[in-house]
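Please consider the briefing below, which covers charged pairs, a loop residue and a helix face.

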Amino acid sequence: MTNTPIFKIIFFNQGEIFEVYARQIYQSDLYGFIEIEEMVFGERSQLVVDPSEEKLKSEFEGVNRSYIPMHSIVRIDEVAKEGVGKITEP
C-alpha cells in the first residue's frame, strides 16, 4: 500500500461547482493556474450510478492534465481516501 496523498479540489466552471479528486496538484508554470494530474474516479462496478459523477467522468475522459485558474478554486483538501466526484449547481 502506498501513501500517495489524494486531494479534493472544488472549483467553479461555467456556472457549475466541480468536485474532483486527484493524486497530484501543484502551481503551474502558466501564471495564475493550478495543475491537476492523475484524477481519481469511483469504481465503475457500483450498482448505483450517479449521473453527476458520470457527467464528470465524461468531461475529463482522456485528459492527462487540467489547468484550473486560481480565481476559480474554492477549496483544496488533502483527504485520506477519494470520495465521489460531482458537479452541482451553486
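The points that follow are grouped by topic.

This is a predicted model, in which local features need pLDDT of at least 70, side-chain atom pairs count only at pLDDT 80 or more, and totals for chains, interfaces and linings use all residues. Residues are numbered from 1 along each chain as its sequence is written, and side-chain values use heavy atoms, with hydrogens and water left out.

**Salt bridges**
- The structure holds four salt bridges (a side-chain nitrogen of Lys or Arg within 4 Å of a carboxyl oxygen of Asp or Glu).
- One of them joins R65 and E35 at 3.2 Å, N to O; R65 lies in strand 4 (residues 65-69) and E35 in strand 3, so the pair ties together parts 30 residues apart in sequence (strands are DSSP runs of E, at least two residues, and helices runs of H or I, at least four, numbered from the N terminus).
- E37 and R65 also meet in a salt bridge, at 2.5 Å, N to O.
- E35 is buried at 8% relative accessible area, whereas R65 is partly exposed at 40% (buried is under 20%, exposed over 50%, partly exposed in between; 1.4 Å probe, protein chains only).

**Loop residue S28**
- S28, in the loop between strand 2 (16-27) and strand 3 (33-40), counts as buried at 8% relative accessibility.
- The side chains of S28 and E35 form a polar contact of 3.0 Å (a pair of N or O atoms within 3.5 Å; within protein, one must be able to donate a hydrogen and the other to accept it, and residues adjacent in sequence count only if both atoms are side-chain atoms).

**Helix 1**
- S52, E53, L56 and K57 are buried in helix 1 (residues 51-59).
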